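Dear colleague,

I am passing on the structure below, together with some notes on what was found in it. Please read the notes with the structure open beside them.

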Amino acid sequence: MFANKAIKFIGLGWTGFILENVVMSHNRDWIISEFGDHKYHMTYNVLSTAACSSILYGYIKHGRKSGPLVPCKGIPGIVASLVLQTIGFGIISQQLPKLQMPVGVKSETKPEATNNAINTTGGSALFVRCPMDFRPPDVPADGVYGTMKISRHAAFWSFGMVCAGEALTTVFLPEVVMFSFPIVFALIGSEHQDYRYRRNSGGSLTPEFERITSNIPFMALLRGKQSWSELYNEIKWTNASVGVSIALAFALRNLRRLK
């Protein structure tokens, strides 16, 4: 397994990416104080670029649809993948502006003169609008809205879930390695970010905010710290339907692979 070039480059790249993120961000304040903010970010960016380049080179050049094989997970793998990717794509869809029909209907009131009196008659008219609603949501006073009720780090976890779903359905070991690491990064990266924010390094996480939210998805909801009904009302349902449709398309593709 470790003689495979794809696994070497992908595994080394992901390991390096996680380590440099943890090490650089953990020592952020000291590095900036010693070498300056510009050098800190320049070094961070160079290391991240090198790690990502290793991942992409290993996958595109050596690992895509090739390498050592692993057993096919069959229908159970596809079902588990569908669940993970439905949640993942669903959360990702909520990060976008609210989608809406580009054509709407509005009611109109027209004056009408009858028997020396002016009455009004109702009607409706079509109007064109932007397919994305950029108006800010009504965020509650505690700042916990939408996917924040699911996790403080919804972006980390949604990407990890989508990739983990892909890892569950592929039969190529390099792709398993490629798509398994993001969920590992989600766990390590989010926990470490919380650790730093508690110490006001690069951000803040107050005890009050931590008490009513969670890092692990849905834990605050399951513990009763957040409301399922409020989450339901805050979901952008058109966006969510697009996310679910993408997950279903992936599942159908995986079913065709079994034939």
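D194 is buried, with a relative accessible area of 2% (buried means under 20% relative accessible area, exposed over 50%, and partly exposed in between, using a 1.4 Å probe and protein chains only). This is a predicted model, in which local features need pLDDT of at least 70 and side-chain atom pairs count only at pLDDT 80 or more, while totals for chains, interfaces and linings use all residues. Residues are numbered from 1 along each chain as its sequence is written, and side-chain values use heavy atoms, with hydrogens and water left out.

D194 forms a salt bridge with R152, the closest N and O atoms being 2.7 Å apart (a salt bridge is a side-chain nitrogen of Lys or Arg within 4 Å of a carboxyl oxygen of Asp or Glu). R152 lies in the loop between strand 4 (132-133) and helix 5 (154-167), and D194 in helix 6, so the pair ties together parts that are 42 residues apart in sequence (helices, H or I of at least four residues, and strands, E of at least two, are DSSP runs numbered from the N terminus). R152 also counts as buried, at 14% relative accessibility.

A second salt bridge joins E166 and R253, with 2.9 Å between the closest N and O atoms. Since E166 lies in helix 5 and R253 in helix 10, this pair ties together parts that are 87 residues apart in sequence; E166 is buried at 11% relative accessible area, whereas R253 is partly exposed at 23%. The search of the whole structure finds seven salt bridges, and K149, E230 and E234 are linked in a network of them.

As for the fold, the chain has 10 helices and four strands, and buried residues make up 36% of its 259 residues. Helix 3 (residues 37-63) and helix 6 (residues 173-198) pack at an angle of about 155°, with their axes 10 Å apart (axes are lines fitted to C-alpha atoms, for helices over the stretch in contact, and angles run from 0 to 180 degrees between N-to-C directions). Helix 3 and helix 6 are therefore roughly antiparallel, a term for angles over 145 degrees, with under 35 counted as roughly parallel, 65 to 115 as roughly perpendicular and the rest as oblique.
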